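Here is a short briefing on one protein model and its ligand. Look at the structure first, then read on.

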Amino acid sequence: MAELLTSLTSQTSPGSPAQDRAEALRVGEVGLGRAQLLAAAGAVADRVHGAGAVAVEATADARTVTAIVGCLLAGVPVVPVPPDSGETERAHILNDSGAELTLRAEDVDLTAQGRGSHPEPAGESTALILYTSGTTGAPKGVPVTRSAIAAGLDALADAWSWTPEDRLVHGLPIFHVHGLVLGVLGPLRVGSPLVHTVRPRPAAYAEAAQAGGSLFFGVPTVWSRIAADPQSADALRGARLLVSGSAPLPVPVFERLTRLTGHQPVERYGMTETLITVSSRADGERRPGQVGVPVPGTQTRLADDDGTVLPHDGEAVGELQIQGPTVFSGYLHRPEANAKAFTADGWFRTGDVATIGADGWHRIVGRASTDLIKSGGYRIGAGEIEDVLLGLAGVREVAVIGVPDEDLGERVRAFVVADGLTSEQVIDHVAQRLSVHKRPREVVFVSELPRNAMGKVVKQRLR
Ligand code: MLC
Ligand code: AMP
């Protein structure tokens, strides 16, 4: 396979001194040229070479990016750990992935020089192991191969006319597909410099736009906050392309953003398991409330509950299923989940419910399971939070749901049957054990949960 981080590594002899010094990457206050990033990442590669997998404490920091790049140069799978993940979640990720070593920003020396280049690993080898929530239990490990990332990024470069002339700006976390695969590996493959703003605040995006940012990534919460801040939105007029994804972009946010920035945002759809598979195009139409057409190389279809394939007529509603070079081949250590995740003829079952028009345009209308919550663009499993809360002394029963939220899309609400506990105790119990963003934003104490004749909690009745 061609190299994964082509624009970083493809020049075997150094580029021109000016090219090498020009900033390839900036995270907050720290900028790195291509040559410095390659040298410092090379030193990390020398150190981790031969490890089965390495965990990286994924703070938004130029040293963390260097650690990730170093592991990728050495062909060692990277396990990004959310820096705010509590003890339960962290222990699970480290244990399940088999990571042999954890790198933190402090472990990386940005002035170090690697001893030399490492051979490019095979395309089918694992680049990243990303952890993502399911409806029940602890998060599942998703191995993402080098060839899937390469195919996914090349498809997006085509869809978004993304070139080395762009300067990408975002402030998303670098432990998920959006911020890491698209937001960090994308620029290193395409060759467009990256400006990471550490946090995705409207004022930081505005400042980066004024400094020449052209391509901007955000989750809908970020775009909605920008749309509520006319001054920051106006600063984005000079951008080339605004891209939204990870959760549905509400139509009013699309419209307001268009009015205030002069740009209709491109919306795209994806998953950790499949990378980005459907998008509107930079050179094409944008439609509020729709996520576009399959990216080059991806096939999509709809199926009903019995597996009958449905027509692409814009009316039929079914589960969206995906095939293509970016789709993973199964969760780590989860044969049962894998059996359910794919159809007999090899299509990945997204669990998202959609329509597809005769013109190929996709509309995501919901999710098959009420136990997957999307809050601020983060995927959160109700079961994981319920398991943790059942471990809190005094809690007798619990049910977690997502409720609509103006800012976050959905917010986590926990219904708890308990004796003598406060909302803060319940929230803190989750925040200390799982990632902070998984904490309930609201706790409702009830005397009992609604159950059906089988004794199963009826979550619909909690809404
Ligand atoms: C509050 N905090 C607490 C707390 N209550 N900490 C501990 N215990 C408690 N009880 C603190 C936090 O530490 C944090 O501090 C602050 O409150 C706010 O944190 P938050 O709740 O996370 O902030 P919020 O404003 O809600 O964040 C909104 C957001 C964020 C948009 C910035 O949700 C976000 O970054 N989302 C991006 C998700 C993403 O990238 N998803 C992509 C998945 S990939 P401090 O100090 O940190 O401020 C995917 C595929 C695809 O979906 O298609 O892309
Ligand atoms: P994650 O596992 O965090 O990668 O989340 C993937 C899920 O995010 C998908 O299954 C969808 O439910 C949701 N998602 C991503 N992009 C979009 C979008 N543009 N519109 C609606 N939902 C989306």
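**Ligand 2 and its surroundings**

An oxygen atom of ligand 2 sits 2.8 Å from an N or O atom in the side chain of Thr272. This is a polar contact, meaning a pair of N or O atoms within 3.5 Å; within protein, one must be able to donate a hydrogen and the other to accept it, and residues adjacent in sequence count only if both atoms are side-chain atoms. The model is predicted: local features need pLDDT of at least 70, side-chain atom pairs count only at pLDDT 80 or more, and totals for chains, interfaces and linings use all residues. Residues are numbered from 1 along each chain as its sequence is written, chains are lettered from A and ligands numbered from 1 in the order in which they are written, and side-chain values use heavy atoms, with hydrogens and water left out.

**More on the ligand**

- Lys374 also has a side-chain N or O atom 2.9 Å from an oxygen atom of ligand 2.
- For Thr132, the corresponding distance is 3.2 Å.
- Taken alone, ligand 2 exposes 500 Å², and the protein buries 92% of that (Shrake-Rupley method, 1.4 Å probe).
- Around ligand 2 there are 15 residues, of which Arg268, Thr272, Asp352, Lys374 and Arg379 come nearest (near: a heavy atom within 4 Å).
- Strand 12 (residues 266-271) gives the most to this shell, with 5 residues (strands are DSSP runs of E, at least two residues, numbered from the N terminus).
- By class, the shell has 5 nonpolar, 4 polar and 6 charged residues (Ala, Val, Leu, Ile, Met, Phe, Trp, Tyr, Cys and Pro are nonpolar; Asp, Glu, Lys and Arg are charged; the others, Gly among them, are polar).

- An open sheet runs in the order 2-1-9-8-10-11-12-13-14, with mixed pairing (strands pair if DSSP finds at least two bridges between them).
- Strand 2 (30-33) and strand 14 (293-294) are at the edges, each with a single partner strand, so one side of each lacks a neighbour in the sheet.
- Val169 stands opposite Phe216 in strand 10.

- Another open sheet has the order 15-16-17-18, with antiparallel pairing.
- Its edge strands are strand 15 (299-303) and strand 18 (362-367), each pairing on one side only.
- Strand 15 is joined to strand 16 (residues 318-323) by 5 bridges.
- Leu302 has Leu320 in strand 16 as its bridge partner.

Notes:
Helix = DSSP H or I, 4+ residues; strand = E, 2+ residues; numbered from the N terminus.
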